[in-house]
Amino acid sequence: MGSTGTVLRELRGAQKSAKGVSLYSRYVNRPAGRVLAAGAYRAGLTPNQVTLVSALFTYAALAAVALVEPSWTLALLVYAALAIGFAFDSADGQLARLTGRGGPDGEWLDHVVDCGKLVLVHTAVLISFYRFGELPSEAWLLLPLGFQLAAVVTFCAGLLREHLGKAAAADAPAGSTTAPVSRVRAVGLLPADYGVFCLVFLLLGAPVAFRAGYAVLAVVHTLFLAAFLTKWFRELRALRPG
């Protein structure tokens, strides 16, 4: 087992493409995940165990949102746990590529945890609104449901786009090239990044500000969903044979 510095260097060479990745994931979450992956490697953890650590941090934070009255202390603790859980979510894949111990079971587990996260985060907000929100109108309870719908459809549609496109990519000519990584696109994707979304929980100590920030993000994610669905449908339609 090499030194931590050696492991980090090997992890830098085992990164996924930066194409379609926001600046937050590229320059914050992936580097943080790289450090956690190196630590996990030194500790002898498997990629699946790292995935479960990610789930532990994330789900504990979401349980706190649902069960504990909002405060600035809660805001800091929830954000820290969500950010750490997201970094571990990056670390499991990096560790799998480093050790060659990844497989269908690990990919399946990772997607199950991610799907559960997207459902629970908005369910937790809904429960918090109902228990502690002192809402100006009960219509606010519909907001987390709509946000949840947009998040889950985006996740499932993107996953299907990735898997349905793999066969076409495998059949592509050997000399075909992919578009270069766009920094403008990386900036544009920031509002849709889960790590950026987690920042809204820093406002938990100010319920009115939290509701406003959450509502703005809900609108932004819904607009991104419409754009993504249009883009992915056109891409898949272009893959039709003949």
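In the protein chain, 83% of the contacts between residues at least 6 apart in sequence join residues at least 24 apart, a contact being heavy atoms within 4.5 Å. The model is a predicted one, where local features need pLDDT of at least 70, side-chain atom pairs count only at pLDDT 80 or more, and totals for chains, interfaces and linings use all residues. Residues are numbered from 1 along each chain as its sequence is written, and side-chain values use heavy atoms, with hydrogens and water left out.

As for the fold, the protein chain has nine helices and zero strands, helices (H or I, at least four residues) and strands (E, at least two) being DSSP runs numbered from the N terminus. Of its 242 residues, 40% count as buried; buried means under 20% relative accessible area, exposed over 50%, and partly exposed in between (1.4 Å probe, protein chains only).

Now to the inside. Setting aside neighbours within four places in sequence, Val78 touches Ala61, Ala64, Val65, Phe201 and Leu204.

A search of the whole structure turns up one cavity of 30 Å³ or more; on a 1 Å grid over the protein atoms alone, a cavity is a set of points where a 1.4 Å probe fits but cannot get out, and lining residues have an atom within 4 Å of a point. The largest cavity holds about 90 Å³, a volume being the space filled by probe spheres set on the points, which are joined across faces, edges and corners. Its lining is made up of Pro70, Ser128, Phe129, Phe132, Gly133, Leu204, Pro207, Phe210 and Arg211, with H5 and H9 each giving two or more residues.

Helix H5 also carries Tyr130, which is exposed at a relative accessible area of 66%. The C-alpha atoms of Tyr130 and Trp140, ten residues apart along the chain, are 9.2 Å from each other.

Note on methods. On a 1 Å grid over the protein atoms alone, a cavity is a set of points where a 1.4 Å probe fits but cannot get out, and a pocket is an open set with protein on both sides within 12 Å along at least five of seven lines; lining residues have an atom within 4 Å of a point.
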